[in-house]
Every structure is written in structure tokens, then in C-alpha cells.
Amino acid sequence: MRYFIHLVIDDFWTAIKNDRVIESPLKPHPYKEYRELTTEENIIYRGLEFYIVYFSNERYGTPEGRKALQWKSMANDVAEAFPDLAEKHNLVIDRAHEYWRKK
């Protein structure tokens with residue numbers, strides 16, 4: 001499956017944040033208004049579903065707490081890979097909650 005974003009409405013961060021990434025085998029119409037995710041974007045986007053595995057050992061027992069941490073990690077990944085988007089959307093890398101990175 002391939003993933004696309006609508007260029008007129010979204011950039012990569014707003015598309016994933018607002019759940020507007022389109023999953024389709026073919027590019028949606030009108031063609032010029034959509035683009036396929038790059039390889040790097042695809043890796044970051046597909047990783048969203050796996051963040052919850054990391055948080056299963058954390059002390060954030062509520063679904064809302066886990067969802068907030070999930071988005072923090074996604075924001076970290078986007079900010080690290082795309083500094084221009086980080087600046088545009090005021091994304092700050094905050095790794096305090098990422099226990100697996102601690103020594």
C-alpha cells in the first residue's frame with residue numbers, strides 16, 4: 001500500500017497529526033494536489049503504531065497519557081528528521097519520557 005498527503009491542505013506534520021494521510025494503491029485525483037510520502041516520511045508514519053509497545057512499561061496508565069506520549073515521540077522523530085517542519089510547527093525534541101534511551 002502507498003501513502004499520500006494532500007499538498008494544498010497539509011504538510012507532513014499536519015497530515016499525520018490530523019489523521020489525513022491517505023492509504024491507497026493509486027495516487028488520488030486530482031494528481032497534482034497529492035504527493036506520495038518519501039521513504040523517510042513513510043518510516044516515521046508507519047512507526048506511529050509501534051510506539052505503544054515502548055510505553056507498555058511506563059507509568060502512564062490512562063489511554064490519554066499513552067496517546068500524549070505517543071505524539072511526543074512522533075514529534076521528536078519529525079523534528080529530528082525535518083528541522084524545517086519543526087521550526088514551522090514549533091516542535092521541540094523532548095526525550096525525557098523515552099526510558100529506553102536512558103543509560
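Two residues are in contact when they have heavy atoms within 4.5 Å of each other. This briefing applies that term, and a few others, to a predicted model, in which local features need pLDDT of at least 70, side-chain atom pairs count only at pLDDT 80 or more, and totals for chains, interfaces and linings use all residues. Residues are numbered from 1 along each chain as its sequence is written, and side-chain values use heavy atoms, with hydrogens and water left out. Helices (H or I, at least four residues) and strands (E, at least two) are DSSP runs, numbered from the N terminus.

**The sheet**

- Strands of a sheet pair through backbone hydrogen bonds, either parallel or antiparallel.
- In this model, three strands form an open sheet in the order 2-1-3, with antiparallel pairing; two strands count as paired if DSSP finds at least two bridges between them.
- Strand 2 and strand 3 stand at the edges with a single partner strand each, so one side of each has no neighbour in the sheet.
- From one strand to the next, the twist averages 35°, where axes are lines fitted to C-alpha atoms (for helices, over the stretch in contact) and angles run from 0 to 180 degrees between N-to-C directions.
- Strand 1 (residues 2-6) is mostly covered, as four of its five residues are buried; buried means under 20% relative accessible area, exposed over 50%, and partly exposed in between (1.4 Å probe, protein chains only).
- Strand 1 is joined to strand 2 (residues 22-24) by three bridges, and the two run antiparallel.
- Within this pair, Arg2 stands opposite Ser24, and Phe4 stands opposite Ile22.
- Three bridges also join strand 1 to strand 3 (residues 34-36), again antiparallel, and here Ile5 stands opposite Arg35.

- Leu37 is found in the loop between strand 3 and helix 2 (39-47).
- Leu37 counts as buried because its relative accessible area is 9%.
- Leaving aside neighbours within four places in sequence, Leu37 is in contact with Tyr3, Ile5, Phe12, Val21, Asn42 and Tyr45.
- Leu37 and Ile5 are 32 residues apart in sequence, yet 7.1 Å apart in space, C-alpha to C-alpha.

**Helix 4**

- Helix 4 (residues 63-81) has 19 residues and reaches 27 Å from its first C-alpha to its last, close to the 27 Å expected at 1.5 Å a residue.
- The expected span of a helix is 1.5 Å times one less than its number of residues.
- Among the buried residues of helix 4 are Gly65, Leu69, Trp71, Met74 and Val78.
- An α-helix has 3.6 residues a turn, so residues three or four places apart point the same way.

**Backbone features**

- A cis peptide bond joins His29 and Pro30, with omega about -15°.
- Pro30 lies in the loop between strand 2 and strand 3.
- Asp19, in the loop between helix 1 (12-17) and strand 2, has phi near 55°, a positive value in a residue other than glycine.
- Asp19 counts as exposed because its relative accessibility is 63%.
- Asn90, in the segment after helix 5 (83-89), likewise has a positive phi, near 55°, in a residue other than glycine.
- Asn90 counts as exposed because its relative accessibility is 65%.
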